[in-house]
Amino acid sequence: MIQLNRRQFLASSAALTLAPPVWAQGMQTLEARPAMAQVAPSEYPQTEIWGYDGMNPGPLIRVPQGARIQRRLLNSLPQPTAVHWHGLRLNNAMDGVPGLTQDAVAPGADFAYDFTAPDAGTYWYHSHNKSTEQVARGLYGALVVDEPDAPEVDHDIVVIVDDWRLTAKAELVQDFDSPHDWTHAGRLGNFIHGRLAPDITEVKQNQRLRLRFINAATDRVILMGFSGLSGKVVALDGMPLETPAPIEAFVMAPAQRVDFIVDVMREPGEKVVIAFQDGDKAYVLAEMAITGKAGSAPRRKIAALPANPITRLSNVSSAQIAELKMEGGAMGGLRQAVYQGEMLDTGALVDKGMIWAFNGVVGMTDTPLADIGRGETLRIPIINDTAFSHAMHIHGNHFQEVKPDGTFGPLRDTILVPAGETREIAFIGENPGKWLFHCHMLSHQAAGMKTWVNVRA
Ligand SMILES: [Cu+2]
């Protein structure tokens, strides 16, 4: 059989693919609908999910950098919905946030998403309406934007990790608004799995893999690791690292992505194992058999991915500062107020699980956390005065952490702020619009942890 390199393979498979089904305006449809899917291992029955095109994960959307993405969302769910294109620095009107950038799409209705993908990297799309429920039901998929000059690898694999709460019959437990979850660490499941696309089960020693991990869990922070592979972290949240970093076990907060380029190091007959760690235990998510040798030695050298067209921070001394103080939750100052339905001192009514506050305010505000001009830099010190970790995500922009020593971390769109700690982030407002800024532990978001930043045109 003729060996194709990745670009040739993509070209040949594109040529063989039939034209996609078309709607009016030539758009491909993305239908959100209930379906049955094999979520649990094969010895269990199928699970009723909600999926894009009836699949979980939804169809992989893959485009070249700079390409236009057009999808007509058709809502065949019994609830309103909307799609957020996570991590893409897109046109604000296409960001998919009901109440901020669009109206939720009613059952039976549709909405045309149409935007370009300016940055190469690993992204994802997911529901942004009643997302604690809709993402937990399965409404998400991977979105990969290819570099024009991508590094050559033998396999380019998306690994979507998720955390399901299932009964012994593999039915989804439908307690999406559990007050205990909302006040604590969120909805944590009892079945974590990782799905590979393509589903590669065999590799060869000395082959090179690109692994694109996505944490699609609603609330769980996942500690991952793998064995039999050696290489570097090359991108975080889609954005290339300026210098590829060594790999340790790696933590992924909800919505975070990590890209690796790795070489298969073990001997034929052995295995590559991808696992997650829970306390002292490691659980296998995926295994690949090593079936032979490809070449006499691994390639070893791993170059940085080409940079995306985003401006990195150079100086934040004259930036606007907007502090974000997190309060509330169980074991936090607002707990009593929540359970007794009392008023916060800001006047916000705390009831029905609305128990997390930013700067003393629970839930969305009419005025943004900050309002900056185009090209202006915004610094946000995030003070986590709660007993839980939070994963703060800004839409439509990537930020960098401003470290205590004044240096800047890598570009990201989601940052984990551990309980009781402070992290400062900053970014340059290059993309005008109303951008949601929220905890990506979706139970926390539903229970009050959201605000927004305005970048003026
Ligand atoms: Cu949170």
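User: What counts as a salt bridge, and how many does a search of the whole structure find?
Analyst: A salt bridge is a side-chain nitrogen of Lys or Arg within 4 Å of a carboxyl oxygen of Asp or Glu. The model searched here is predicted. Over the whole structure, the number of salt bridges found is 29.

User: Which residue forms a salt bridge with Arg-137, and is Arg-137 buried or exposed?
Analyst: The closest N and O atoms of the pair are 2.8 Å apart, and the partner is Glu-133. Glu-133 is buried, and Arg-137 is likewise buried.

User: How many residues apart are Asp-259 and Arg-212?
Analyst: These two side chains meet in a salt bridge, at 3.6 Å from N to O. Asp-259 belongs to strand S17 (residues 257-264) and Arg-212 to strand S12 (residues 208-215). Both residues are buried. The pair links distant parts of the chain, and the separation is 47 residues.

User: Arg-412 forms a salt bridge with Asp-237; how many residues apart in sequence are the parts that the pair ties together?
Analyst: The closest N and O atoms of Arg-412 and Asp-237 are 3.0 Å apart. Arg-412 lies in strand S27 (residues 408-412), whereas Asp-237 sits in the loop between strand S14 (229-236) and strand S15 (239-246), so the parts tied together are separated in sequence by 175 residues.

User: Are Arg-412 and Asp-237 buried or exposed?
Analyst: Buried means under 20% relative accessible area. By that cut-off, Arg-412 and Asp-237 are both buried.

Notes: Residues numbered from 1 in each chain as written. Predicted model: local features only at pLDDT ≥ 70, side-chain atom pairs only at ≥ 80, totals over all residues. Heavy atoms only, no water. Buried < 20%, exposed > 50% of the residue type's maximum accessible area, 1.4 Å probe, protein only. Helix = DSSP H or I, 4+ residues; strand = E, 2+ residues; numbered from the N terminus.
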